Amino acid sequence: MRKYRIWLAVLLSAVLAFGGCGGFGGSGENEQQFQEQAKGDTSDKKETPEDNGNSGEQEISGAGETQEGNNSSEAQESLEKQDSSGEQEAPAPPALNEETVVRSREEVVTTSSVNIRTAPSTDSEVYQTAARRTELIRTADDGTWSAVEIDGKEYYAASEYLRLKSEMADNGYLVVIDAGHQGKGNSEQEPIGPGASETKPKVASGTSGCVSGLNEYELTLMVSLKLQAELEARGYQVMMVRTSHDVNISNSERAAVANNAGADAFIRVHANGSDDSSENGILTICPTSANPYMGSLYTQCRSLSECVLDGAVNATGANKKYIWETDTMSGINWCTVPVTIVEMGFMTNPDEDSRMADDGYQSQLAAGIADGVDAYFGN
Ligand SMILES: [Zn+2]
């Protein structure tokens with residue numbers, strides 16, 4: 001409801017929060033980190049659509065377009081039950097499955113980078129790769145492949161990556177995501193909450209992967225970017241506290257980003273570490289009901305923490321630990337909006353560290369956290 005009129009404040013707060021963040025030069029270490037990130041993005045974009053094709057179903061890899069598509073929904077519906085085998089000259093090119101196809105003209109949006117092909121088969125030529133959130137006209141969908149119209153011609157995309165534009169509409173909720181930590185920790189002190197005499201370092205340096213070698217700040221950004229894409233695909237407005245490692249944003253400043261934006265939920269993404277390498281599993285963190293700084297938000301924070309923990313555990317099959325209620329987290333205590341920290345797993349556990357470094361597992365984590373956000377809002 002208040003989303004649009006707060007955008008100026010959001011912009012201002014972003015400028016304030018990021019304005020003083022140019023302190024670190026790009027070290028060789030950082031450059032390497034950025035390269036790794038870009039590589040992950042590329043393989044993500046190239047591989048996922050390929051992995052989901054119905055290769056087994058199509059034996060012939062002809063590149064021809066089918067002649068079935070037309071734009072009249074009445075005519076299309078009449079074709080629904082028809083067997084198309086008689087309409088095509090041998091050898092038949094790959095075609096939509098006539099048993100399951102639904103022909104209806106509708107506006108769709110891509111939920112990730114998707115290959116647009118000349119035929120409904122992963123063997124067919126890629127006409128172009130559509131960026132995430134590209135709007136297309138769909139004319140038919142057989143459940144696996146969708147026909148889409150581009151420049152008056154019919155092409156094909158994996159249905160899994162298309163969503164109705166009407167379902168993509170802004171659902172009215174703003175989620176702020178904080179990818180925990182940053183390239184270099186900042187040991188300068190700040191109060192752990194408004195008016196507190198106790199102080200903590202502005203940003204701890206975080207843990208690192210015992211097997212993967214990833215730094216926590218790298219892993220948290222990988223998953224946070226996937227979470228951003230997932231939530232946006234579900235209709236949320238999303239604001240990121242950081243999208244690079246080369247920032248210097250204290251925990252209280254991270255809370256301020258969410259506060260100033262008027263976030264409906266603030267998700268802080270972290271990974272855990274322990275002296276006991278056998279310790280594993282997901283936990284979430286929320287304030288206690290007696291929190292002196294923002295205890296009035298306890299019920300919402302507790303609910304958000306429960307939903308996100310359940311969502312992440314259900315999506316990944318990871319060990320469900322517990323919800324840790326504590327008033328020691330500056331980035332929670334400074335919040336005036338519902339907040340949770342999700343500790344996605346232990347980077348000190350060889351198995352869990354390896355899993356968390358895996359692109360597919362990261363996607364499961366992001367989808368699970370998004371499921372939790374959906375559940376929190378009753379979506
Ligand atoms: Zn952390």
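The model is predicted. Its largest nonpolar core has 67 residues, and a second, separate core has 19.

**Nonpolar cores**
- Within the largest core, the residues that touch the most other members are Val-175, Val-176, Ala-258, Ile-267, Cys-335 and Ile-369.
- Elements that each supply at least two residues of this core include strand 8 (174–179), helix 6 (251–261), strand 12 (265–272) and helix 10 (359–377).
- Helix 5 contributes the most to this core, with 10 residues.
- Beyond its neighbours within four places in sequence, Cys-335 is in contact with Ala-255, Ala-258, Asn-259, Phe-266, Met-294 and Leu-297.
- Val-101, Ala-140, Tyr-155 and Leu-162 are among the 19 residues of the second core.

**Helix 7 (298–316)**
- The 19 residues of helix 7 should span 27 Å at 1.5 Å a residue, and this agrees with its end C-alpha atoms, which are 27 Å apart.
- Buried positions in helix 7 include Cys-301, Leu-304, Val-308, Gly-311 and Ala-315.
- The buried residues of this helix pack against strands 12, 13, 14 and 15 and against helix 10.

**Lys-200**
- Lys-200 lies in strand 10, residues 199–203.
- Lys-200 counts as buried because it has 21 C-beta neighbours inside 10 Å.
- Leaving out residues up to four places away in sequence, Lys-200 touches Gln-189, Glu-190, Ile-192 and Ser-330.
- Thr-328 is 128 residues from Lys-200 in sequence, with a C-alpha to C-alpha distance of 9.1 Å.

Conventions
Residues are numbered from 1 along each chain as its sequence is written. This is a predicted model: local features need pLDDT of at least 70, side-chain atom pairs count only at pLDDT 80 or more; totals for chains, interfaces and linings use all residues. A nonpolar core is a set of buried Ala, Val, Leu, Ile, Met, Phe, Trp, Tyr and Cys residues joined through C-beta atoms within 7 Å. A residue is buried if 20 or more other C-beta atoms lie within 10 Å of its own, exposed if 12 or fewer, and partly exposed in between; C-beta atoms are placed from the backbone. Helices (H or I, at least four residues) and strands (E, at least two) are DSSP runs, numbered from the N terminus. Two residues are in contact if their C-beta atoms, placed from the backbone, lie within 7 Å. The expected span of a helix is 1.5 Å times one less than its number of residues.
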